[in-house]
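Please open the structure in your viewer and keep the selection tool at hand. The tour below goes from one selection to the next and says what is there.

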Amino acid sequence: MLEAKKTPFQRSHSWWAKIAYGAGDLKLVNQCLKTLGCVKDKRKQYDHNLISGMARGDALLRGALLMPMPKIKGGKKNAAYFRALQWRLVACYGGFEILIKSLRGKISENELRGEDFLSVINACGFKKESSFAEPSNPKGVEKWVSTLQSKDSNIEDFLLLNKYDFEVLSGWLTGNQLSSRKDACLLAKAIRNATAHGFLSPSKTKELGMEQILQDLPKAFREIHEALINKLYSNYNRQRK
């Protein structure tokens, strides 16, 4: 593609892929990354392992965002459609998680926390929050959540969620509106875990009215990813002046 026809993100990404993923100038890469202020330990240097992690997360996330959805026959959104939505989110979150862990310099740690998401989101310099689908709060959802919360229920055996992830997911299902990108990332993590490790089935996501949020969350990852790469490029150009 001609340079003049590229979008700002395409130009930024081409530059970043060349200097970082192409085994380019590690010193320059560190200078650019440290302008973001995302790394947990400020003394830490970004080595080839962390840069490789960024490259893998970047590629997985961009590939997942391009996943095609099954065609809907006769206007009926069946299990295959909802399964595709769920697993696109799982793949998007997988790439996003690797990318964020690499930026934070903690690629070997198990799970991301709210502070990890917030550190990266703050580095993007967003002027305003995104809007997300409101909880549909369908009939019967509160009873379903209450059943899972009962003493006789073992949430870990069913959804394989820890207490905090379950609170995030059940809170949204019963009416808690997402108010920030950080909240969206935490909800995506909970849905990802319940899908990949637990028993959140396509039929249940349909029943719980999760279609729109499954569409919105990958868009939030794209927004953060593009803002990060654009920020790296703009910081680099500012330092050159």
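Select Ser130 to begin: leaving aside its neighbours within four places in sequence, Ser130 is in contact (heavy atoms within 4.5 Å) with Arg181 and Glu223. The model is predicted, so local features need pLDDT of at least 70 and side-chain atom pairs count only at pLDDT 80 or more, while totals for chains, interfaces and linings use all residues. Residues are numbered from 1 along each chain as its sequence is written, and side-chain values use heavy atoms, with hydrogens and water left out.

Ser130 lies in the loop between α5 (114-124) and α6 (141-149); helices here are DSSP runs of H or I with at least four residues, numbered from the N terminus. Now show the side chains: that of Ser130 makes a polar contact with the side chain of Glu223 at 2.5 Å, and another with the side chain of Arg181 at 3.3 Å. A polar contact is a pair of N or O atoms within 3.5 Å, of which, within protein, one must be able to donate a hydrogen and the other to accept it, and residues adjacent in sequence count only if both atoms are side-chain atoms.

Next, select Ser180, which is in the loop between α8 (163-173) and α9. Is Ser180 buried or exposed? Ser180 has a relative accessible area of 14%, and buried means under 20%, exposed over 50% and partly exposed in between, with a 1.4 Å probe and protein chains only, so Ser180 is buried. Not counting residues up to four places away in sequence, Ser180 touches Glu129 and Phe132.

Move on to helix α4 (residues 79-104) together with α5, whose axes come within 10 Å and cross at roughly 80°. Axes are lines fitted to C-alpha atoms, for helices over the stretch in contact, and angles run from 0 to 180 degrees between N-to-C directions. The two helices α4 and α5 are therefore roughly perpendicular to each other, on a scale where angles under 35 degrees count as roughly parallel, over 145 as roughly antiparallel, 65 to 115 as roughly perpendicular and the rest as oblique. Among the residues that meet here are Tyr93 and Phe96 in α4, and Phe117 and Val120 in α5.
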